Amino acid sequence: MKTERFDKKLFKQEVLNNLKTQFRVELDNASQQQIYQAVAYALKEWIIEDWMDTQKTYEEKDPKILYYMSMEFLMGRALGNNLINMSMYGEVKEALDELGVDLNAVEDQEPDPALGNGGLGRLAACFLDSLATLGYAAYGCGIRYQYGMFKQKIKDGYQIEVPDEWLKNGNPFELKRPEYAKEVRFGGNIRTEYDEATGRTNFIQENYQSVMAVPFDYPIVGYGNHIVNTLRIWDAEAITDFQLDSFDKGEYDKAVEQKNLAKNIVEVLYPNDNHYEGKELRLKQQYFFVSASLQAAVAKYKKNHDDITKLYEKMTIQMNDTHPTVSVAELMRILMDEEGLGWDEAWEVTTKTCAYTNHTIMAEALEKWPIDLFSKLLPRVYQIVEEIDRRFVNKIREMYPGNEEKVKKMAILWDGQVRMAHMAIAAGYSVNGVAKLHTEILKNQELKDFYQMMPEKFNNKTNGITQRRFLMHGNPLLADWVTKKLGTDTWATDLSLMSGLKKYVDDPKAQKEFMDIKLQNKKRLAKYILEHNGVEVDPTSIFDVQVKRLHEYKRQLMNILHVMYLYNQLKKNPNMKFYPRTFIFGAKAAAGYLRAKQTIKLINSVADKVNNDASIKGKLKVVFIEDYRVSNAEWIFAAADVSEQISTASKEASGTGNMKFMLNGAPTLGTMDGANVEIVDEVGAENAFIFGMSSEEVINYENNGGYHPYEIYQNDKDIHEVLDQLVDGTYANGDPELYKDLYQSLLFGDTGSQADMYFILKDFRSYAEAQKKVEEAYRDTKGWAKMAMTNTAGCGKFSSDRTIQEYVDDIWHLDKIR
Ligand code: T68
């Protein structure tokens with residue numbers, strides 16, 4: 001059933017049929033959820049054919065395969081995206097219309113698969129989309145968490161975390177593959193045994209616990225090319241002949257333990273973004289999916305190839321941050337203990353197979369596992385890590401004789417810890433950052449010693465995003481307009497064509513069309529906000545948006561302090577010149593991150609006060625959108641006028657939201673951080689609002705013990721006023737304690753850390769100035785339209801198709817399938 005032969009009648013028939021066979025209902029009595037399932041199963045029939053064909057082609061052509069190893073895949077909903085990529089969206093919409101079913105409502109029934117925290121997980125999802133679209137053989141490898149990222153409810157202004165039961169109704173798109181199940185072992189001890197026959201030592205794990213890793217496959221549909229790749233995520237099942245009537249206490253306990261182990265491993269995604277939490281269960285998760293994925297990958301290779309020493313010619317492993325770095329040691333284990341290679345041979349294969357992407361320079365995000373914990377959980381793997389470390393340290397000493405400082409800074413095992421990034425760099429054949437500035441900071445600051453030792457490994461791969469989801473699906477009005485203006489829809493697979501829009505940026509008719517579409521999208525979002533927040537917002541006001549994970553370095557606090565400042569101004573001068581503005585926030589805070597949660601509460605408190613103050617006549621509105629996630633993000637980007645990318649310079653490795661806003665015609669209000677720098681390169685400084693300290697200035701201050709925010713507080717009366725309002729009860733029903741910690745952190749810092757670590761007060765004035773410029777620019781309707789269009793026209797570089805092609809050319813060297 002190929003898409004060229006899409007048969008509307010047949011499709012409708014299938015939907016009705018599915019309703020009957022799955023739920024025993026007629027369309028008239030079916031619930032929306034049942035209709036969603038029926039439609040999804042009908043679509044799956046179409047996908048399966050292409051999926052099987054693709055896998056057959058891969059078997060025949062035997063291309064090199066990429067294994068993209070990631071603890072997170074923030075996929076978002078599949079139905080609409082698959083329809084887009086199969087070029088069936090319009091036809092299916094029509095078919096459903098004829099049945100009296102609204103496709104939008106059906107899409108809304110799909111739970112938003114949220115097996116990721118934020119940028120890193122969403123990047124993995126965009127990469128899978130691009131890999132399939134460009135025709136490269138690739139597997140995403142990860143974990144099928146029972147509960148993904150929590151759902152966020154806001155109650156009395158506070159974040160409440162609610163479990164994400166995304167599998168509650170089953171998942172029509174997944175396929176269980178028990179035939180590929182693999183055993184994964186934890187703990188116990190290693191017995192060595194000399195084997196006379198082979199003259200080798202065998203390492204035998206004893207007294208271990210183990211689980212069965214069972215894969216579920218998800219189709220990753222390429223755009224318009226009939227290629228369907230696979231996201232393989234692993235579930236855990238207990239290995240046990242568990243019998244309730246067993247009298248053997250030892251057996252019984254073990255069986256229960258193994259059951260619990262299986263249940264716990266895949267239970268839940270850790271909701272920390274850019275933060276390391278040394279939990280044993282997390283390490284179990286890492287080893288669990290890495291071991292299963294590598295066992296499967298090696299088995300697949302061996303099916304068609306005899307020479308295991310040539311493994312790297314047919315597969316490559318990309319480690320998405322350090323979370324899957326145990327891959328290095330696990331591959332060594334498989335090659336030595338199971339395939340019988342010696343150390344040197346195994347090391348050569350491993351170091352030609354594994355590559356590493358770094359996503360952060362935040363110190364608190366660096367993974368350092370206590371050796372105690374690591375060696376107990378993974379005794380054999382730890383032996384291998386010790387040997388990797390021993391040899392690496394030798395190499396350091398060879399290169400820098402007598403320089404023990406180097407050993408201290410670079411060793412893998414140090415101070416009772418396993419430093420995962422060091423292992424990834426020592427073993428990886430490539431180390432990349434995710435934006436130009438980020439890679440430079442890695443090379444010249446954070447990983448300087450490694451760069452000096454192995455400069456050839458380091459390279460930059462600036463992130464990207466998929467235009468299929470974030471324009472075609474999220475903003476169909478603009479997508480159609482772009483196609484009309486360019487006279488082609490091939491920008492769907494070649495985003496550089498967007499530059500063809502540049503010739504329209506001064507054309508009044510095109511400007512009007514563009515801004516009309518923006519207005520439609522703002523109305524769509526306003527309706528969503530009214531329905532979900534009960535707040536009425538004016539679609540003709542400036543939609544100023546900051547949506548991303550809540551983190552101090554991202555500085556949502558600076559944004560809301562600035563709103564408080566504006567409100568003070570408006571109260572003092574009711575007639576001041578002020579263009580109506582709606583500040584929109586969306587963010588989840590890690591459950592244990594108190595300061596982040598206080599910031600959410602503060603935003604909601606300010607919203608409450610400001611939105612209900614009739615005296616300012618609705619000129620200023622603040623909205624906190626509950627449960628920010630991929631599905632509502634698509635609408636938010638489409639409706640934004642201003643893209644807030646205001647991280648402390650040097651802290652945001654890249655950012656990818658910035659690119660999604662740009663694509664949808666929202667200029668960046670931001671610092672010279674991450675990929676903002678490259679966005680400005682593309683559109684020109686006159687089409688962005690840049691403010692604040694540079695990364696050099698920030699790093700300089702940091703190296704010299706920080707700065708003195710108290711001086712700013714004393715000398716700037718507006719800032720003084722705003723800060724005092726944090727502790728005089730203005731936004732806390734008179735409670736001076738509620739925001740005291742935020743206040744303290746800005747003026748005095750915590751014990752052991754600098755005051756205002758993220759330079760909020762230092763950047764505040766320059767931020768406020770930039771915000772003024774935004775307002776002035778927006779008043780100039782034509783000028784603004786031109787700026788917005790220039791952003792859309794300049795977004796070509798930021799397609800994940802470009803990023804993936806660079807990974808292929810410089811790192812992976814995959815074969816293209818046509
Ligand atoms: C993000 N990192 C970067 N980490 O912050 C962002 N961390 O600048 C970049 O654009 C993006 O990666 C893609 O490269 C994250 O999202 C995490 O989510 C994370 C999760 C677990 C542990 C540590």
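## Helix 10 and helix 13

In this predicted model, helix 10 (residues 326-338) packs against helix 13 (residues 379-399) at an angle of about 105°, and their axes are 9 Å apart. Because angles of 65 to 115 degrees count as roughly perpendicular, helix 10 is described as roughly perpendicular to helix 13.

On the side of helix 10, the contact is formed by Val326, Ala329, Glu330, Met332 and Arg333. Helix 13 contributes Arg380, Val381, Ile384, Val385 and Ile388. Sorted by class, this contact of helix 10 with helix 13 holds 7 nonpolar and 3 charged residues, with no polar residues.

## Confidence in the model

The chain has a mean pLDDT of 97, and 98% of its residues reach 70 or more. The scores of the model are 0.98 for ipTM and 0.98 for pTM. Where pLDDT is low, predicted coordinates should not be read in detail.

## Domains of the chain

The domain assignment divides the chain into domain 1 (1-61 + 78-110), domain 2 (62-77 + 112-429) and domain 3 (467-693 + 763-798). Taken over C-alpha atoms, the centres of domain 1 and domain 2 are separated by 34 Å.

Between these two domains, 22 residues of domain 1 are in contact with 16 residues of domain 2. On the domain 1 side, the elements that give two or more residues are helix 2 (32-61) and helix 3 (79-85). Helix 2 supplies the largest share of that side, with 12 residues. The classes on the side of domain 1 that touches domain 2 are 8 nonpolar, 8 polar and 6 charged residues.

## Surroundings of the ligand

A shell of 19 residues surrounds the ligand, and the closest of them are Asn117, Gly119, Leu120, Ala653 and Ser654. The shell comprises 12 polar, 5 nonpolar and 2 charged residues.

Both domain 2 (62-77 + 112-429) and domain 3 (467-693 + 763-798) give residues to this shell, and the ligand therefore lies between the two domains.

## Helix 20 and helix 31

A second pair of helices is described in the same terms, namely the angle between the axes and the distance between them. Helix 20 (residues 508-533) and helix 31 (residues 781-793) pack at about 75°, with their axes 9 Å apart. This angle makes helix 20 roughly perpendicular to helix 31.

Gln511, Phe514 and Met515 of helix 20 meet Lys782, Ala785, Lys786, Ala788 and Met789 of helix 31 in this contact. The residues of the contact of helix 20 with helix 31 comprise 5 nonpolar, 1 polar and 2 charged.

## Helix 21 and helix 28

Helix 21 (residues 556-572) packs with helix 28 (residues 717-727) at an angle of about 110°, and the axes of the pair are 10 Å apart.

From helix 21, the residues that make the contact are Leu561, Met564, Tyr565 and Asn568. Their partners on helix 28 are Asp718, Glu721, Val722 and Gln725. By class, the contact of helix 21 with helix 28 contains 4 nonpolar, 2 polar and 2 charged residues.

Terms used:
Residues are numbered from 1 along each chain as its sequence is written. This is a predicted model: local features need pLDDT of at least 70, side-chain atom pairs count only at pLDDT 80 or more; totals for chains, interfaces and linings use all residues. pLDDT is the predictor's confidence in each residue, from 0 to 100. A residue is near a molecule or strand if its C-beta atom, placed from the backbone, lies within 6 Å of it. Ala, Val, Leu, Ile, Met, Phe, Trp, Tyr, Cys and Pro count as nonpolar, Asp, Glu, Lys and Arg as charged, and the others, Gly among them, as polar. Domain bounds come from an automatic or database domain assignment. Two residues are in contact if their C-beta atoms, placed from the backbone, lie within 7 Å. Helices (H or I, at least four residues) and strands (E, at least two) are DSSP runs, numbered from the N terminus. Axes are lines fitted to C-alpha atoms, for helices over the stretch in contact, and angles run from 0 to 180 degrees between N-to-C directions. Angles under 35 degrees count as roughly parallel, over 145 as roughly antiparallel, 65 to 115 as roughly perpendicular and the rest as oblique.
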